[in-house]
Amino acid sequence: MNLQESIFSFTKSVQSTQDCQKMSTLIESLNSFKENSGKEDRSNFGYIARRQYLQILGYILVHQHREEMAQKIPMISEEELDLFVATNNLFLKVNMFLTDGIAKEIDPYKTIINPYSLIQFNPIETKSIINLYSHNVLENLRNSFMTHPALVTIINNPPIIEKDHLPNLMVNVQRFQKQILDSGVHNVPESILKIQFTQRANARVKNLANFVSSLTILRTVNQIIDQLFYQAIISKKLSFINTENLISIKRNTSNTIGKGLTCLVIIDKNSWLIEPNDIVLIDGKLLNTNKNTLGWVQNISFTLSEDMGNTQEITMWLLDDNLNPFMNLLM
Amino acid sequence: MNIQKIVTEDPIKSQWLQLSNFMYPSNIERFAIEQKYPLPNDLTKAYISGCIKQSQAYFESAKNSPLDIKPLLVYYGTVCLLSGTLALVNGKIPEIKNHGMYLSQIDDQLANISIATKDTKNGALQLFSNTFLPGLVFSNISPLKFQDILSFIPEIRSDFLSCYREAQPHTISVQIVNKAKVTFERISLSEVTRFQEIEKTIMSIEGYKECYISPQLTKAFIILYRKNTHHEIGTYSVFGKKYFSLPIKNNGKNISVNSIIGFFMGLFTLSTLCRYHPEKWHPFVTNDTTGERLLVDIFISNAVRSIPNLVLNYIYKSNIQFIFHDDQSTNLSLPIYEDEIKEIVNELLQKGN
């Protein structure tokens, strides 16, 4: 079973739990407001939390920093905070379980691969218990993760990195990822192009590049797993881009990092809730492939016009079967 | 369908110049070979040339004739033209034995006159429909009202709406909007004030769901974005404007006629009144106070202008537009919109990163 199949199995398990419904209701109460409901409008809380792009952790951070924010942020109750903390603990547990003890070559880099490392927040104790998945599906997810090509690359060719240099490595991986994301889905940063085309023959440079790339890929894949986990909690289905809402494909490119897609879509019931960092499903027919493809949304820009209707331009990385957006990065 | 523009100061004269090609047997033969139509024999060629020549003569005569007899002349001209075209594309003389329709109910108000169909084997109406509107079978159809027939003709849409204030048209005009990277269509809300549940109505148009995404309603328009499986649906008037056609429910069937058949049926109605019911026609021509006479005038003028053009469009599988003026300069500048500027700036910024 590849990683995509495993994560679908995992998310299906999440959605079948009662606690999923409980969390979904809580999150919705912080993201929408009904007039005449007699309740306080707390949608501002959810709006800011979503813009942290850190899934459940975003809600905890907003709570912890609400006094520092310029706009007035509504309160959440202790009970609600407990639920968020308990759920976030499950996210941390998933991240750790995927990498704990899978190979000694990976052990030094577990923190780098964890997408929540480098996020500063004050841990909160909680006695609440949330059940969102069975151990079997988590086990299957880990088994699939263990066969990820990026992981295998590190295991087969582990570099020797001094322990003291690990913090530097962490910063470099984070910078590398940021460089790729900032240049957009259709472009390759100059610095990476240089290595890919001029340094290929240099085995040492190539190995080092692959190592950093693998860590970046694994960190990103973990981010995507967390995002899919989060989307499973808050909604029933992935947003689906298909012939019913696609106006045009503006750009569909493949470069030495991965595959990028920019498409113009109307705003309808399948596509109106899409936000940056979301994972969406694209109809395979639109990409001339046999099966549907996952996309990781990077940017959305809306056009709301009386003369031309309401459209959104969505830019995304396409994911392969191993949830990898940077599928061409390894040399 | 591709667009062919012919610059002329007299569209009617130019149309007939084009059609007069088919008054010559050698041109008929060459055309049939080029288009891979069945090759007509000498008798059929004579039939075709005779029909086209007579048609032109009838249309010419109608120009200066009073309304008392004008519909009859235009109707005969139309029958000749359509029969000749049938023979041209089929390679044989059509076996037309009657009009294929009759007036089943005559009323003082033209709108309420009913047209019933008959003889779907050898009647002109069915035989013409088989060529110009394939798929429409007139058997088991209840009589259609004259008003309904007119409601299908886009060329007289605005005059129809002015005359019949409560009637629902069965065409909707569509604007095509071309932007740099996408083409979409839209319908002005002012065009659809007489429709109930307009979004549902649009989605029920044959072929709509295959070709367009669900319509979006704004304050001024209904926006229609094309799917990537889009193919052309709808029709174009002789003036190049696009329309969707909406069917009428008739005996459980969806009936919709195009301009050629609509003009043909409408002209039959008026010419029958004119020829066989002068006791109705004469008072109408001299004393009408309802405004229908004006609509009839406009209908016949449009028939004279449009029918030869529609036939040429059919023959040449093209949207032929006779235009008065063509700008001879080539404009290479492109209009650019705010959202396109933003897109270009975003792309440049990303590349800069």
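User: How far apart are the mean positions of the positive and negative charges of chain B?

Analyst: Lys and Arg count as positive, Asp and Glu as negative, while His and the chain ends are not counted. Each charge is placed at NZ of Lys, CZ of Arg, CG of Asp or CD of Glu. In chain B, the mean positions of 35 positive and 33 negative charges lie 4 Å apart. This is a predicted model, where local features need pLDDT of at least 70, side-chain atom pairs count only at pLDDT 80 or more, and totals for chains, interfaces and linings use all residues. Residues are numbered from 1 along each chain as its sequence is written, chains are lettered from A and ligands numbered from 1 in the order in which they are written, and side-chain values use heavy atoms, leaving out hydrogens and water.

User: What share of chain B's residues is buried?

Analyst: Buried means under 20% relative accessible area, with a 1.4 Å probe and protein chains only. Here 50% of the 353 residues of chain B count as buried.

User: Which strands form the open sheet, and in what order?

Analyst: Strands are DSSP runs of E, at least two residues, numbered from the N terminus. Two of them pair if DSSP finds at least two bridges between them. In chain B, 6 strands line up as E7-E8-E6-E5-E10-E9 with antiparallel pairing. E7 (216–217) and E9 (235–236) of chain B are at the edges with a single partner strand each, so one side of each has no neighbour in the sheet.

User: How many bridges join E7(B) to E8 of chain B?

Analyst: There are 2 bridges between E7(B) and E8 (residues 221–225) of chain B. B:Leu217 sits opposite B:Ile222 in E8(B).

Definitions and conventions
Helices (H or I, at least four residues) and strands (E, at least two) are DSSP runs, numbered from the N terminus.
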